[in-house]
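Visitor: I have a model open here and would like to go through it with you. Could you take me through it piece by piece?

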Amino acid sequence: MRLISVLQQETGLPLFMHYCPASVVDVNTLTKTILELKANGIRTKFAILGSGFYYKHTGMPQHK
């Protein structure tokens with residue numbers, strides 16, 4: 001799953017979030033998101049795109 005979040009530039013507070021399949025990484029997804037924002041009265045000046053990964057560290061391996 002890929003999370004798309006939109007933050008307010010001055011405050012950094014979230015304005016909008018939605019998710020899509022992780023395999024979807026294309027300009028159509030970005031365009032759809034911008035159109036959705038516009039329909040909700042949120043203007044966009046630019047977009048910063050990136051991928052983040054979460055790794056849960058389970059501790060050191062146990063030795064036998």
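Visitor: Is Thr33 buried or exposed?
Guide: Thr33 counts as buried because its relative accessibility is 4%, where buried means under 20% relative accessible area, exposed over 50% and partly exposed in between, with a 1.4 Å probe and protein chains only. This is a predicted model, in which local features need pLDDT of at least 70 and side-chain atom pairs count only at pLDDT 80 or more, while totals for chains, interfaces and linings use all residues. Residues are numbered from 1 along each chain as its sequence is written, and side-chain values use heavy atoms, with hydrogens and water left out.

Visitor: What does Thr33 touch?
Guide: Leaving aside residues up to four places away in sequence, Thr33 touches Ile4, Phe16 and His18, a contact being heavy atoms within 4.5 Å. Thr33 and His18 are 15 residues apart in sequence, and their C-alpha atoms lie 8.8 Å apart in space.

Visitor: And which helix is Thr33 in?
Guide: Thr33 is found in helix α1, where helices (H or I, at least four residues) and strands (E, at least two) are DSSP runs numbered from the N terminus. Helix α1 covers residues 27-39, 13 residues in total, and reaches 18 Å from its first C-alpha to its last, close to the 18 Å expected at 1.5 Å a residue; that expected span is 1.5 Å times one less than the number of residues.

Visitor: Which other residues of α1 are buried along with Thr33?
Guide: Thr29 and Leu37 are buried as well as Thr33. Seen down the axis of α1, the buried residues fall within an arc of 75°, so they line one face of the helix; the arc is that of the directions from the helix axis to the C-beta atoms. In general, an α-helix has 3.6 residues a turn, so residues three or four places apart point the same way.

Visitor: What do those buried residues pack against, then?
Guide: The buried residues of α1 pack against β1 (2-7) and β2 (14-20), whereas on the other side of α1 the exposed residues are Val27, Asn28, Lys32, Leu35, Lys38 and Ala39.

Visitor: What follows the helix?
Guide: α1 is followed by Gly41, whose phi is positive, near 80°.

Visitor: Changing topic, what pattern does the whole chain follow?
Guide: Read along the sequence, the protein chain follows β-β-α, with 1 helix and 2 strands, and 11% of its 64 residues count as buried.
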